[in-house]
Amino acid sequence: MKSTWASVIVMLVVLLTEVKNEDVRRPCAHIQTSSSVVPLGSPVTATCVISDNCLQAFGQAVRIEWRLGGRLIPSSPVANESDRVSEVVIPRFNHTSNFLTCCVQTSPAKVVGGVEIRAGYPPEAPQNLSCQTNLTTPETLTCSWDAGQKSTHLPTQYTLHTEIRDSNENAIYKIPTGVHHFTIPRSGFVFFSEINIYVKAVNELGEATSQPVVMEPISAAKFDPPKILKVEAVPIRSGCLRLSWSLSQHQAWILNYRLNLEVRLKTTESRQWSEPILVSRVTTTPTFDQCRLLHGTRYFAQIRVRYQQSPWSEWSSSQCGVTLESAPTGRLDWWMKLSGDPMHKQLNIHLFWKPSKQFRANSQNVSYIVSVQKPPGGKVCATKGSYCTFQLPERAKKVYLSAVNAVGKSSPTEVRIYKPKALTAISDISAVPQDDSAFLVQWKNTDISSLTGYVVEWRPLLTKDISLTKFEIADRNQSSLIITGSFEPYKPYGISVYPRFKDGIGLPETVKAYSRQKAPSMVPKIQIKKMWYSNIELIWDEIPLEHRNGIIQSYKVFYWDENGHINVVNADPQERRVILKNLNAMSVYEAFMMVSTVGWSLNGSRIHFEIEPFDAMTVVMILTASGVGLSLLVIFTVLTCFPKNKRLKGQLWPNVPDPANSSIKRWTSGTSQYIHPAWDSDEPNPVYLSHLSFLDLPMKLGKQEDDWLSSAEDTSDLGESICGSPFIPGYSGSNSDSVPYAIVIFSDPCSSPSSKEPPVYLRSESTQPLLETEESFSPKCYQNMATDGTPREQCFFGPGHDCDDQEGVDPVTIWDDFPFLRALAMNDTQND
């Protein structure tokens, strides 16, 4: 566009220089327009008149054409005029500025005249005029306004007009172009006199004036932040603080006039300031009392000031003060847990408490007392904290909790001792973090008529300090609760919900929660547990709680071989094991594990492993192991299916008799076979011999017979050959294929009457094993106590002994003391 206008201007200059006329200053053509500045989008009409000197230069016959910028526009000759006059009409002029030129059609066309046409909008009235007084040195009055959202596209002049009513002084201040604010010097206003201020905007299409502002300059002053000099308790008035304050040094003179003042307060525990409290207008005395505050409470205070409707000053710096103390009021919310052994009546009470909405400590130094009776008796605990542990006193059903300060005590809060109940009324608990300091705890409840409410408890899991436990009380109709506190990010918290019943506390539901999560601090090392054929089992240890930084969502094992084909296996976070299947033998694999939480993931170190080939020796070992296992299975099946088969059991586990636990009168062939020990009896079960032979010999033996008795040869068949022979009367032998365990030799033949001489025993060389403690074939002498208490020696089982028979011994007494002799006495009676 600029190059086009430059070419038009050059053509006009050349045309004027080429005209052969004495008066070169006369224009070649004259253009008349309705206006050179028009509203944007309005029609424009223009007329071009060619002068005589132009006709002499170009000839009598010319043709006129119009151009707007570089674009040709249609035109028409004026009626009743010669060809020297032409008119053009532009229906909508949509350019903010453009050149309209008149040309003579020659070869090439010559520009003979032109005019610049500008378009825009009239100015809007200035809006939002406001003024503010500056009381610092130098004192000024600054006004600002908005020029309007629509641009005029035309130069607009702004002027600020002031009229002081008391002095009738008027002033006009010209504003630089593009600036929409102005600062009036101190000479142009009076602090406590009204002034009328407005702004006027003017351009070529019109003018506009803002709404005037009438005010006192002092009412538009923004004061510097005041200063609190002292905050102290009001004597004899509990719950009141007295504040002393002042303005800055160069504004202190304004205290002679009434000012508005606001104060805001907050306690030490509060994070937010209270709503500003408007103080009645203050005069020359810069002090005031603020009452209706909590007793014995530390408050921080800030103030700000203004004059009438002027802007508020900024808040002052904070100062603190403490109101007078009074005795604590209200009740405490409590939560109790039991531990210990209820069977031995050794219960530990863990009692937690916190101020309820109605509780007021009314003191900075408050302590708490737990007693089994209403204060002051039976104190079991005293602390300045909000937690106490003590043992339950005997037969105590409730305790009392009281708050104490230097002035007095609160009314006791009754705490009933309830034992836990094995009831649950909660399921599907969840804890969703709202921000770094809050959790939304939700749960589902069941319809239990005795349910009275819930207790939501939370504590950090990385410490065992039970005093850090916090709790909230919820109504029975609630199923969610927002808990707040100072939760550390990346640290685990245990959040539990307990149901409360009329007569106890039910079983809780617990969930682990994090206010913020990130990747774990460590990844456990992968270990190879087992490897077989083409499979391998990998295991790893659990990540310590302090290194998890969140709830473990998944374990993923990535592994690949030399070809680089990557496989991924997901593991159950609870099992911490994974099996890699279908691996190639003799291939070296690499693997690593990735542990993920909701926050992020962390990769562990790599491990290498190789699958060994499955060779023939391994096959043989597996087959051998399978055969051994099958054999054991068959044996176990036989023993299980035939546990009552006495013959089979007798063959596998024969009963070994014990001579020391025998009774000869029960040694019979019919009852001595397949006798099993009675394992469930307290008394020892006697073991019976399978065979016993009796021999009756004459009183006097021959030499050969005496030699036979004293010989050490095998005597296992004597019972069958002597007393068991069918040619000997009184034969009592057993089957010929049985082996006699012992032989009893009587001094008389089997059919003769019993003799008074003691019987003789011979040991049989049986194939069955005897007791391992026996050292010789014939026992040694034993001492037996007679009825008079004197020890006597008796020899049994053969004549080979060194001691002599005692004279005058009563055989009955001997037989009563020894079971074998008693059995012999029975045998003699039967023979008789």
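Glu457 is buried, with a relative accessibility of 3% (buried means under 20% relative accessible area, exposed over 50%, partly exposed in between, with a 1.4 Å probe and protein chains only). This is a predicted model, in which local features need pLDDT of at least 70, side-chain atom pairs count only at pLDDT 80 or more, and totals for chains, interfaces and linings use all residues. Residues are numbered from 1 along each chain as its sequence is written, and side-chain values use heavy atoms, leaving out hydrogens and water.

**Overall picture**
- The chain has eight helices and 52 strands (DSSP runs numbered from the N terminus: helices are H or I with at least four residues, strands E with at least two).
- Of its 832 residues, 37% count as buried.

**Salt bridges**
- A search of the whole structure finds 20 salt bridges (a side-chain nitrogen of Lys or Arg within 4 Å of a carboxyl oxygen of Asp or Glu).
- Glu457 pairs with Lys337, their closest N and O atoms being 3.4 Å apart.
- That pair links distant parts of the chain, with Lys337 in strand 25 and Glu457 in strand 34, 120 residues apart.
- Lys337 is partly exposed at 25% relative accessible area.
- Asp436 forms a salt bridge with Arg516, with the closest N and O atoms 2.8 Å apart.
- Both sit in loops, so this pair ties together parts that are 80 residues apart in sequence.
- Arg237, Arg242 and Asp289 are linked in a salt-bridge network.

**Around Leu632**
- Leu632 is found in helix 3 (residues 616–641).
- Leu632 is exposed, with a relative accessible area of 55%.
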